[in-house]
Amino acid sequence: MLRLLCQVCGDQAERSEHGVLWLLKDHREDWKNWPEDMAVTEPPVCRRCVGVASRLCPALRRGAALLWAQEFPVVGVHGPIYRSNGVVTVPFNGERRLVAYDDPAVRWVCAISQVRKLNGCTLISTDEV
Ligand SMILES: [Zn+2]
């Protein structure tokens, strides 16, 4: 994620004058202007891997969206939150959350993945790559 490598093959993700290419679960019905301001834990993809990822990734079988993002700052981490009980550090509730780097709770997260926020997004058809 940090180096913007393809989430499938590990080569450089696709880049163009429109930004970096992302393949995500389709949430267009969830909110207006999706995916603007969406936090993602999935790294971008390269052009070669769009087809195989769309067919084989279980998360994408119900619908996938392909998009260019012009801005994608690293904003936080995703993982379970821990708390101190005064003696040892214990899991807070087992739930994994997205926590921003400017949130004081970030020091209690066991980060599983890095989070980027997508902006300047342009949805495209898979035929366009
Ligand atoms: Zn790839």
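User: Where do domain bounds come from?

Analyst: Domain bounds come from an automatic or database domain assignment. Here the protein chain is divided into domain 1 (15–73 + 117–128) and domain 2 (76–108). Taken over C-alpha atoms, the centres of domain 1 and domain 2 are 28 Å apart. This is a predicted model: local features need pLDDT of at least 70, side-chain atom pairs count only at pLDDT 80 or more, and totals for chains, interfaces and linings use all residues. Residues are numbered from 1 along each chain as its sequence is written.

User: Which pattern does the protein chain follow along the sequence?

Analyst: Helices (H or I, at least four residues) and strands (E, at least two) are DSSP runs, numbered from the N terminus. The protein chain has one helix and seven strands, in the pattern β-β-β-α-β-β-β-β.

User: Which residues have the most contacts inside the largest nonpolar core?

Analyst: Nonpolar side chains tend to be buried together in soluble globular proteins. A nonpolar core is a set of buried Ala, Val, Leu, Ile, Met, Phe, Trp, Tyr and Cys residues joined through C-beta atoms within 7 Å. A residue is buried if 20 or more other C-beta atoms lie within 10 Å of its own, with C-beta atoms placed from the backbone. In this model the largest nonpolar core has 23 residues, and W22, L23, V45 and A69 have the most contacts inside it. Strand 2 gives the most to this core, five residues.

User: What does V45 touch?

Analyst: Two residues are in contact if their C-beta atoms, placed from the backbone, lie within 7 Å. Leaving out residues up to four places away in sequence, V45 touches several residues, including L21, W22, L23 and A53.

Technical notes
Buried ≥ 20, exposed ≤ 12 C-beta atoms within 10 Å, placed from the backbone.
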